[in-house]
Amino acid sequence: PNFLIAAPTLFVSTISVLYYFYGAIKSRSKASSTRAIHSPFAHLRIIDILPYMLHWGFLLAIAYVILHIQVITRFMSATPALYWFMAAAVLSTQGKNYPIFFHKPLLPFAAVAFSLAYIVLGCVLHTNFYPWT
């Protein structure tokens, strides 16, 4: 089933965009001024990566509504924020502070396992003329 190929990319993209905008809203509220924001993007200034996140959100909306499932992984790989989020999630030392999705050590293992499986399966399936990406 082709939707299994694009599901991890869509899941990570959706979670990332939601976490970014959730963090942006929380940083604006007065209640969070005393608490630290626990997000993979917390070390970056929110305004600096806003254009990338808006672009990523727009691509995500197009992917859900218009795109064919086989094109989504190629389409979503065009945004650098996907790689920033995965790297921040893998290298984060604050895993205990994140909600369920960021529970350590599951997230670093899942991100690395997905990346390696994608590389290996992509090489095997593509060279044997099976549909991939």
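Start in the middle: select Met53, Trp56, Ile72 and Met76, the residues with the most contacts inside the largest nonpolar core, which has 20 residues. A nonpolar core here is a set of buried Ala, Val, Leu, Ile, Met, Phe, Trp, Tyr and Cys residues joined through side-chain atoms within 4.5 Å. Now colour α1 (3–28), α2, α3 and α4, the elements that each give two or more residues to this core. The largest share, seven residues, comes from α1. The helix names follow DSSP runs numbered from the N terminus (helices are H or I, at least four residues; strands are E, at least two). In soluble globular proteins, nonpolar side chains tend to be buried together.

Before you zoom in further, a word on what you're looking at. This is a predicted model, where local features need pLDDT of at least 70, side-chain atom pairs count only at pLDDT 80 or more, and totals for chains, interfaces and linings use all residues. Residues are numbered from 1 along each chain as its sequence is written, and side-chain values use heavy atoms, with hydrogens and water left out.

The protein chain has a mean of 77, and 74% of its residues reach 70 or more. Which helix has the lowest confidence, and which the highest? Helix α5 (residues 106–127) is lowest at a mean of 82, while α2 is highest at 93. Where pLDDT is low, the predicted coordinates should not be read in detail.

Next stop: aromatic rings. Rings of Phe, Tyr and Trp (its six-membered ring) pair if their centres lie within 6.5 Å; planes under 30 degrees apart count as stacked, over 60 as edge-to-face and the rest as tilted. That rule gives three aromatic pairs. Select Tyr20 and Phe21: their ring centres are 5.0 Å apart and their planes sit at 80°, so this pair is edge-to-face. Tyr20 is buried, at 2% relative accessible area, whereas Phe21 is partly exposed at 30%. (Buried means under 20%, exposed over 50%, partly exposed in between, using a 1.4 Å probe and protein chains only.)

Now pick Tyr52 and Trp84, with centres 5.0 Å apart and planes at 75°, so they are edge-to-face too. Tyr52 lies in helix α2 (residues 50–65) and Trp84 in helix α4, so the pair ties together parts 32 residues apart in sequence.

Last, click Ala78, in the loop between α3 (72–76) and α4 (80–91). Ala78 is exposed, at 55% relative accessible area.

How values were computed:
pLDDT = per-residue confidence, 0-100.
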